[in-house]
Amino acid sequence: METITLALSKGRIFEETVPLLAAAGITPTCDPEASRQLIISTNLPHVRLLIVRATDVPTYVQYGGADLGIAGKDVLLEHGGEGLYQLLDLGIARCRLCVAVPRTFDYAQAVRLGSRIRVATKYLKSARAHFAAKGVHVDLIKLYGSMELAPLVGLADAIVDLVSTGATLRANGLVEVETIAAISSRLVVNQAALKVKRALLQPLIDVFEEKSRDRI
Ligand code: PRT
Ligand code: MG
């Protein structure tokens, strides 16, 4: 039997995908937060979910480990998108990619003076493109998480990170000074799978499109 494999991360993306799956008549048989299983079956014998790190979703889809995936635009920008089609903006897990600095750091002045700014981020590609387009000199420092900490201990002058409510920035004495991109999650599909399994995938894609239309 031909199967559909959808890769996604647990946490906010999984939670916001459950209603989309429900609209397509798909119910996961367990909750990835409660289970250690990385392959989750569903009520439909030919549909399964892979639980992977958010940043690994495009890679699984690119190499055919999954037919479909749900990934944030932030992750897709870093990955580059080779080997996959970005079919739909699902309008879920919304946030924005921003430049933030300590309240005491005069970012506008640093830019005006042409100073070199040290920026900590896990989004090297997006950050590099953003500052290059503005003609701002930066030294980028790659981190894998908790970017908000870097300016507090003198590791960096600024960070490039995702912000949704702004609570994390506030709690760490940081302020947003520029928005780089609006972020939401996308449905991506393996290019070969879309050809070979079109008949099986299209109904699911159609339901996702219908459900996300009012959200974007
Ligand atoms: O957390 P983990 O290290 O396991 O992996 P991850 O961060 O890659 O995954 P996850 O599940 O946290 O995020 C998956 C996707 O959700 C991201 O790729 C984004 O597209 C999207 N998303 C939406 C967010 C946020 N909102 C968000 N607020 N991802 C992360 N955050 C973090 C942000 O990095 C910051 O630390 O939440 C904090 C800020 O939130 P506020 O509400 O305090 O502003
Ligand atoms: Mg996270």
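In this predicted model, the buried residues of helix α1 pack against β1, β4, β11 and α8. The residues concerned are Ile13, Phe14, Thr17, Leu20 and Leu21. They cover an arc of only 115° around the axis, which puts them on the same side of α1. Just after this helix, glycine 25 adopts a positive phi of about 80°.

Helix α8, one of the partners of α1, comprises the 16 residues 198–213; at 1.5 Å a residue these should span 22 Å, and the 21 Å between its end C-alpha atoms agrees with that expectation. Within α8, the buried positions are Leu201, Leu204, Phe208 and Ser212. Because they cover an arc of only 70° around the axis, they lie on the same side of α8. Their cover includes the strands β1 (4–8), β4 (68–72), β5 (84–89) and β11 (185–190), together with the helices α1 (12–23) and α7 (191–196). The face turned away from this buried side carries exposed residues, namely Arg198, Ala199, Gln202, Pro203, Asp206, Glu210 and Arg213.

The shell holds 22 residues, of which Ala54, Gly72, Cys95, Thr165 and Thr168 come nearest to the ligand.

Technical notes
Residues numbered from 1 in each chain as written. Chains lettered and ligands numbered in written order. Predicted model: local features only at pLDDT ≥ 70, side-chain atom pairs only at ≥ 80, totals over all residues. Helix = DSSP H or I, 4+ residues; strand = E, 2+ residues; numbered from the N terminus. Expected span 1.5 Å × (residues − 1). Buried ≥ 20, exposed ≤ 12 C-beta atoms within 10 Å, placed from the backbone. Arc of directions from axis to C-beta. Contact = placed C-beta atoms within 7 Å. Near = placed C-beta within 6 Å.
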